[in-house]
Amino acid sequence: MLFHVRMDVRLPSDMDPSVRADIVAREKAYSQQLQREGKWPHLWRIVGEYSNISIFDVGSNDELHELLSGLPLFPYMDIRVMPLATHPSKVS
Ligand SMILES: O=C(O)C[C@H]1C=CC(=O)O1
């Protein structure tokens, strides 16, 4: 199942720089592991924003929720999910 996901990162401006660096490093490792597993096949930065557009390829809504809520940045992100279905005009 494919999902289009937008993540807007909202880190507090007064967050301790070492705490911020640790969360961002753990986020990178977590996301790269999911990319290697094929569960996060697209990750794009939105130009000019601390936001990304991602495509997840997972087995269920529950799996996606588990992966997203495990993101180290999860407490600091607004996340919008769009489930994707096959378009009837798509050439296969
Ligand atoms: O920077 C972001 O867009 C947030 C998040 C998504 C992957 C990652 O490494 O960080």
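This briefing covers the chain, the ligand and the residues around that ligand.

The model is predicted: local features need pLDDT of at least 70, side-chain atom pairs count only at pLDDT 80 or more, and totals for chains, interfaces and linings use all residues. Residues are numbered from 1 along each chain as its sequence is written, and side-chain values use heavy atoms, with hydrogens and water left out.

**The chain**

- The chain has 2 helices and 4 strands. Helices (H or I, at least four residues) and strands (E, at least two) are DSSP runs, numbered from the N terminus.
- Their order along the sequence is β-α-β-β-α-β.
- The C-alpha trace spans about 50 × 25 × 20 Å along its principal axes.
- The chain holds 92 residues, and 29% of them are buried. Buried means under 20% relative accessible area, exposed means over 50%, and partly exposed lies in between (1.4 Å probe, protein chains only).

**The ligand site**

- The ligand takes up the space of the largest pocket. The search uses a 1 Å grid over the protein atoms alone; a pocket is an open set of points where a 1.4 Å probe fits, with protein on both sides within 12 Å along at least five of seven lines. A molecule sits in a pocket if more than half of its atoms lie within 2 Å of its grid points.
- Two elements, α1 (17-36) and β2 (42-45), each give two or more residues to the shell around the ligand. Helix α1 gives the most, with 3 residues.
- The surrounding residues are V9, E27, K28, S31, W40, L43, R45, Y50, N52 and L73.

- R45 places a polar side-chain atom 2.7 Å from a ligand oxygen.
- For N52, an N or O atom of the side chain is 2.8 Å from an oxygen of the ligand.
- For S31, the corresponding distance to a ligand oxygen is 3.4 Å.
- The protein buries 89% of the 280 Å² that the ligand exposes when taken alone. Accessible areas come from the Shrake-Rupley method with a 1.4 Å probe; for residues, only the protein chains shown count as cover.

**Residues of the shell**

- S31 belongs to helix α1. S31 is buried, at 7% relative accessible area. Its side chain also reaches the backbone oxygen of K28, at 3.1 Å.
- W40 sits in the loop between α1 and β2. W40 is buried, at 3%. W40 and V5 are 35 residues apart in sequence, and their C-alpha atoms are 10 Å apart.
- L43 is part of strand β2. L43 is partly exposed, at 38%. L43 and R6 lie 37 residues apart along the chain, with 9.8 Å between their C-alpha atoms.
- Y50 lies in the loop between β2 and β3 (51-57). Y50 is partly exposed, at 31%. Y50 and F3 are 47 residues apart in sequence and 20 Å apart, C-alpha to C-alpha.

Terms used
A residue is near a molecule or strand if one of its heavy atoms lies within 4 Å of it. A polar contact is a pair of N or O atoms within 3.5 Å; within protein, one must be able to donate a hydrogen and the other to accept it, and residues adjacent in sequence count only if both atoms are side-chain atoms. On a 1 Å grid over the protein atoms alone, a cavity is a set of points where a 1.4 Å probe fits but cannot get out, and a pocket is an open set with protein on both sides within 12 Å along at least five of seven lines; lining residues have an atom within 4 Å of a point.
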